[in-house]
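Dear colleague,

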Amino acid sequence: MTETCSFTIDGQEVTAASGTSVLNAASASGIYIPHLCNHPDLKPTGSCRLCFVSIDGGKPRMACREPVKDGISVATSNAVIQRMRVQVMELLIADHYMDCLACAAAHDCELLKISAYLGMRPNQLTRLGKTERNLPVDGSNPFFQFDPNKCVLCGICVRTCDEIVGLRAIGYIHWGDKTVIGAAGNRPFAESICESCGECVERCPVGALAPKTPAIPAREVQSTCVYCGVGCGIHVGVRGDTVVSVSGDRDRETNSGSLCVKGRFGFRFINHPDRLTRPLVRKNGELKESNWDVALDLIAEKFRKSKGRFAALASAKCTNEENYLIQKFVRVAMRTNNIDHCARL
Amino acid sequence: MTGLVASLGSGAMTNSIADIDVARTIMVIGANTTSAHPVIGHRMRRAARNGATLIVINPKEIDLTHAASHFLQPRPGTDVALLMGMARYIIETGLADESFIAARTEGFAEFVASLQAYTPEFVVETTGLPWSRITEIARIYATNKPSSIFYAMGITQHSHGTDSVKAVANLALVTGSLGAPGTGVNPLRGQNNVQGACDMGCLPNVYPGSQRVDDPTIQKKFESAWNAQLPNQPGLTHTEIFDAICDGGIDTLYMVGENPLLTEANSGHVRAALERLDFFVVQDIFLSESATYADVVLPAASFAEKDGTFTNTERRVQRVRRAINPVGDSRPDWWIVSRIAERMDAPGFSYSSPEAIMREINQVTPSYGGITYERIENNGLQWPCPDTNYPGTPYLFPEKFSRPGGKACFSPLTYRPPAETADGQYPLILTTDRSLFHFHSSTMTRRVAGLSALDANEWLCLHPADAERYGIADGDWVEVSSRRGTVKVQARLTDVCQPGLCSMTFHFHESPTNLITNPALDPVAKIPETKVTAVSVRPLL
């Protein structure tokens with residue numbers, strides 16, 4: 001059994017498993033502490049210097065690296081902490097290319113959120129002036145782009161590719177104020193060992209790693225990926241009758257939110273214009289559009305006459321319910337066990 | 001699967017995906033996990049990063065080897081020799097789990113006798129691997145427990161595939177690596193619902209839940225459940241169906257969501273069969289290469305347009321939900337099959353929803369007895385799950401195996417080389433594998449522009465030494481010929497293939513690899529040997 005600790009955050013009673021950081025315990029309890037480089041899936045690094053809290057009235061400490069303890073009293077802000085956070089934000093903003101209304105991350109940008117939380121004033125946004133950063137955007141990957149001018153160097157992408165994907169395709173390049181994030185070997189993403197799974201894009205707190213065709217779905221439906229036998233849990237994002245996004249289901253034991261390139265980005269076949277939309281029946285040697293009644297009547301007539309000379313191939317892509325019906329149909333209606341599928345291929 | 005049924009009594013992955021996190025040794029043989037099962041590949045790399053010993057055995061230097069501490073590159077099709085050699089070493093050095101063998105297995109003496117043939121000299125000569133490397137991983141597998149084995153088509157797609165699977169099971173039994181978390185014999189199933197299609201009885205010899213069609217008691221049970229008379233003779237397998245079409249025994253084919261012109265070994269034979277059919281119905285979401293031969297093509301709804309369940313490789317039954325309406329006038333497959341059945345006056349096909357079908361599945365399939373939509377709302381359940389109070393089964397065989405008597409069975413094995421070996425006329429061995437960016441015959445993935453951009457066409461992966469011998473430069477168009485035909489493809493020179501070995505996927509209809517692959521069948525499982533085809537390669541001028 002994991003032991004739990006009870007303590008307070010801003011006077012609220014909070015319970016968390018021992019070993020949890022104060023920051024993750026707060027987030028899990030719905031209490032916001034500004035942060036950029038922390039992600040609950042990853043080990044903390046404490047590099048963004050935003051998640052300061054005061055414990056039992058002491059000096060500011062980083063909530064992401066502070067384990068919960070029984071009986072402690074955490075304050076998520078005070079005048080000193082507010083001042084420190086504003087200063088960190090001024091530095092970050094001076095380095096940040098801002099096209100917020102056109103940015104793919106605008107709807108869930110952590111930088112915007114922190115700025116709003118701190119109540120950053122116009123003079124604080126411009127006090128340090130802008131640095132002369134105009135680095136080229138890497139658009140080599142067909143599904144996402146990397147804009148180093150929006151990168152806050154939180155390292156979440158680096159740690160994701162290491163700790164979650166186990167690939168280490170992303171790293172820090174250069175030193176000091178020249179530091180940038182880049183694909184292994186300082187190559188364009190598409191020419192590196194990157195597998196395009198998009199786990200880093202999913203976790204980037206700003207618009208640096210962002211999908212090329214972002215679409216916020218009007219609604220999401222919980223389902224299961226159709227590609228391989230892993231069976232990852234997904235949320236299918238929909239607008240009208242079009243699938244516009246797929247994201248990993250973090251609560252599914254199979255994949256805990258992880259997806260691969262096909263699962264996350266390979267959904268455009270669903271609404272592809274090549275989809276078959278009407279029954280086709282061969283007439284004078286050519287497949288011609290027809291309707292369900294004509295097609296089904298013809299099939300029933302031909303199948304009736306073919307008993308004893310009939311076979312069916314079911315599909316490893318169809319659902320259990322459909323495969324159950326196909327074999328039942330073959331056995332009951334066609335009186336044969338000539339039913340198989342491509343399990344061996 | 002037949003190999004595992006013979007050895008253990010059940011033909012599915014014994015353990016769970018999450019077990020990768022608790023295994024201390026993970027041995028991946030004949031599986032290109034980061035391409036074919038990417039999220040499991042991530043998990044294996046993560047486990048290796050967190051301290052597990054990852055052993056990769058593959059004729060190709062696949063990407064997963066970069067995360068592995070041990071990589072063995074045997075000659076293709078020699079797994080039985082390798083695995084039996086490992087078992088022999090483990091037994092001879094006293095590393096076998098004797099109490100497990102005594103308590104939970106049978107046939108050990110006959111098995112040990114059959115190991116006599118697998119001398120170090122024989123194993124080394126057959127696999128091409130140094131003996132010290134083989135004993136090293138055997139020792140790790142036997143001692144750094146819990147140890148799990150994962151395999152895929154690299155083990156099964158051979159004319160001796162059943163033997164290879166039995167050899168894997170033998171190794172797990174020798175070390176007692178079964179029936180506990182982090183252990184197991186874990187076949188990774190390829191397609192999203194191949195496990196489910198097997199579970200649902202889309203096989204010529206079994207009803208749903210692996211219940212045999214030639215068992216009169218079972219037949220009676222289904223006759224009463226379905227209110228119909230049922231045939232008692234097992235039917236034809238996939239490959240046999242195409243043979244029967246060519247012989248005239250079958251003239252009508254109903255095919256749902258398959259594209260054998262690209263996926264079946266020796267696909268020229270499939271083409272001949274499809275041309276010969278009197279009546280051919282295809283039900284699919286796209287007009288596949290195979291569908292162009294059909295007399296009627298029925299437009300099916302995609303997974304995003306219907307409700308239902310898929311069963312993944314770890315036996316977990318999970319929900320699929322309708323997110324959008326069926327595109328155009330397409331219909332879910334369950335609706336289509338029901339309407340055909342009704343028109344033929346077959347009883348019992350008026351279902352109101354997939355959930356109603358699942359309720360019937362619960363009644364007739366013991367392993368799915370307790371898997372209701374209500375219970376799999378969020379996380380799915382792993383079969384066997386006989387009743388609605390049962391929590392599901394994360395790992396099989398904790399106390400007994402599913403064979404009669406409850407014991408697992410060792411299999412004495414005689415090494416058989418692949419049906420084709422390299423010779424003067426066909427001096428190279430071609431093996432097939434998968435690309436991360438495409439799926440099977442790629443009817444879906446090639447309609448995603450980004451995936452096509454990341455992997456646009458077929459490549460023949462060829463070792464530079466072989467390329468030099470035949471005067472081939474990187475990017476050259478070449479002809480790859482086997483005893484069955486010729487395909488044209490561009491060569492990519494890479495040392496991921498050992499000299500003498502080359503590889504292609506089968507995702508691209510422009511270079512239909514399965515036109516030339518070997519349809520030599522495993523005598524029991526009827527699986528074709530697509531992993532070993534003798535070929536010649538020559539540059540196109």
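The centres of domain 1 and domain 3 of chain B, taken over C-alpha atoms, are separated by 35 Å. Chain B as a whole is divided into domain 1 (2-188), domain 2 (190-235 + 300-389), domain 3 (237-290) and domain 4 (428-539), the bounds coming from an automatic or database domain assignment. Chain A is likewise divided into domain 1 (4-100 + 108-123), domain 2 (101-107 + 124-214), domain 3 (216-275) and domain 4 (280-344). Between the centres of domain 2 and domain 4 of chain A, again over C-alpha atoms, there are 50 Å.

This is a predicted model, in which local features need pLDDT of at least 70 and side-chain atom pairs count only at pLDDT 80 or more, while totals for chains, interfaces and linings use all residues. Residues are numbered from 1 along each chain as its sequence is written, and chains are lettered from A and ligands numbered from 1 in the order in which they are written.

Where the chains meet

In total, 119 residues of chain B are in contact with 99 residues of chain A; contact requires that the C-beta atoms of two residues, placed from the backbone, lie within 7 Å. The side of chain B that touches chain A comprises 68 nonpolar, 32 polar and 19 charged residues. In this classification Ala, Val, Leu, Ile, Met, Phe, Trp, Tyr, Cys and Pro count as nonpolar, Asp, Glu, Lys and Arg as charged, and the others, Gly among them, as polar.

A strand pairing links the two chains: E15 (residues 310-313) of chain A runs parallel to E9 (residues 252-256) of chain B over four bridges. Strands pair here if DSSP finds at least two bridges between them; strands (E, at least two residues) and helices (H or I, at least four) are DSSP runs, numbered from the N terminus. Within this pairing, Leu313(A) stands opposite Met255(B).

The axes of H9 (residues 320-332) of chain A and H16 (residues 333-343) of chain B come within 8 Å and cross at roughly 20°. Such axes are lines fitted to C-alpha atoms, for helices over the stretch in contact, and angles run from 0 to 180 degrees between N-to-C directions. H9(A) and H16(B) are therefore roughly parallel to each other, the class for angles under 35 degrees, with over 145 counted as roughly antiparallel, 65 to 115 as roughly perpendicular and the rest as oblique. Their crossing is left-handed, a term used if the near helix is turned anticlockwise from the far one by less than a right angle, clockwise being right-handed. From H9(A), Glu321(A), Glu322(A), Leu325(A), Ile326(A) and Phe329(A) meet Asp333(B), Trp334(B), Val337(B), Ser338(B), Ile340(B) and Ala341(B) of H16(B). By class, this contact has seven nonpolar, one polar and three charged residues.

Within chain B

Five strands of chain B form an open sheet in the order E3-E2-E1-E5-E6, with parallel pairing. Strand E3 (70-72) and strand E6 (185-187) stand at its edges with a single partner strand each, so one side of each is left without a neighbour in the sheet. On average, neighbouring strands of this sheet are turned by 15° against each other, direction ignored. Inside the sheet, E1 (residues 25-29) and E5 (residues 147-151) run parallel and are joined by five bridges, with Ile26(B) opposite Ser148(B).

Most residues other than glycine have a negative phi, and most peptide bonds are trans. The bond from Lys145(B) to Pro146(B), however, is cis, with omega near 0°; Pro146(B) is in the loop between helix H8 (131-143) and E5 of chain B. The bond from Trp383(B) to Pro384(B) is also cis, with omega near 0°, and Pro384(B) lies in the loop between strands E14 (381-382) and E15 (408-409) of chain B.

Within chain A

Helices H2 (residues 79-94) and H3 (residues 110-118) of chain A pack at an angle of about 140°, their axes 11 Å apart. That makes H2(A) oblique to H3(A).

Strands E11 (residues 233-239) and E12 (residues 242-248) of chain A pair in the antiparallel sense over six bridges, with Val238(A) opposite Val243(A). E11(A) and E12(A) form a hairpin with two residues between them, and Gly240(A) in the turn has a positive phi of about 60°. Arg168(A), although not a glycine, has a positive phi of about 60°; Arg168(A) is in the loop between helix H5 (156-164) and strand E7 (170-173) of chain A.

With kind regards
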